[in-house]
Amino acid sequence: MIKLLKKIKHSIINNILPKQLEKNKVLLAQNLAINKRSLKSIYDFDDVEFSCFSQYGEDGIIDWLVSKLPMIPKKFVEFGVEDYYESNTRLLLQLRNWQGLIMDGSNDFIQEIKAQDISWRHHVDAICAHITKENINSLLEQNEMIGNIGLLSIDIDGNDYHVWKSIVIINPAIVVIEYNAVFGDLHAVTVPYRPDFFRTKAHSSNLYFGASLPALILLGKEKGYTFVGTNTIGANAFFIRDDLAPQITSLLDSISGYPSSFREARDKTEKLLLLGGLQRSETIKNSPLFDIKNKKNTSLYSLGEIYSSNWKNGQRNTF
């Protein structure tokens, strides 16, 4: 009897409870989404943010954007998904029945995703791959992702700028890409490209990765994309392909980029330091960067002032 009770308890905790919790989350998100979609215009993305599976409000922003672009293909690509429970596209599967390709560098995470019900309830292919600018297009082609798609989400904590620049085989309507707000809002800089870049190994603080928001805005223009804003916590930037952009920019009162208040810096023993404000940029001031505009190597120290007065005070800047 005791063994049977333990088996029942195990089944409830590991199977029934998580599935019911996920259903409840999606139901709540559906109600929020319906309310946000009804907004014909907004000030900036602060008005539509909410999270179901995304980290920081991206679910609400993406759902609102998709609701205003009803004719885009219902296909997505997302990489840097870990076990996919925290992601930018899982809600698209469950609320809108999109299909897509997700990739992560950890085979353990990919096997975990393949064991989830979502892998058979929806058309989502999970692939293990360490993504570089050299292999990204072949990975997409091998997995039948070519041409027009609805959304591309990039979050690889390192070569994000370089990988997006290299992508030519797909033509997303919406691009969501992580930026490093610690690099400031005055200069277009990125970490120099290294195919083996790993955030923690690059600098023990975990603050040295990715690209500044101005760097991604410049790249977006080069690739035919209009910057339409960031989430308010200062993590992800959103771009709309130029031919579709007026359908979104006409509904925005402000195109806002937000700084971050993350205090995730660690020391060499991985102890959390809780550094805030300018202490964060000071920690990585001598780490090498590449200046996109001037096409030269630089560093935060060499750049001098890197924050506008708004960002320095924790307030949004308009672009």
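Author: A nonpolar core is a set of buried Ala, Val, Leu, Ile, Met, Phe, Trp, Tyr and Cys residues joined through side-chain atoms within 4.5 Å; buried means under 20% relative accessible area, taken with a 1.4 Å probe on protein chains only. The model is predicted: local features need pLDDT of at least 70 and side-chain atom pairs count only at pLDDT 80 or more, while totals for chains, interfaces and linings use all residues. Residues are numbered from 1 along each chain as its sequence is written, and side-chain values use heavy atoms, without hydrogens and water.

The largest nonpolar core comprises 88 residues. Those with the most contacts inside this core are Phe-45, Val-77, Phe-79, Leu-140, Trp-164, Ile-174 and Phe-239. Strand β5 (residues 170–178) provides the largest share of the core, six residues; strands are DSSP runs of E, at least two residues long, numbered from the N terminus.

Beyond its neighbours within four places in sequence, Phe-79 is in contact (heavy atoms within 4.5 Å) with residues including Met-103, Ile-131, Leu-152, Asp-155 and Val-163. A second, separate core has seven residues, among them Ala-29, Ala-33, Phe-50 and Cys-52.

Terms used
Buried means under 20% relative accessible area, exposed over 50%, partly exposed in between (1.4 Å probe, protein chains only). Helices (H or I, at least four residues) and strands (E, at least two) are DSSP runs, numbered from the N terminus.
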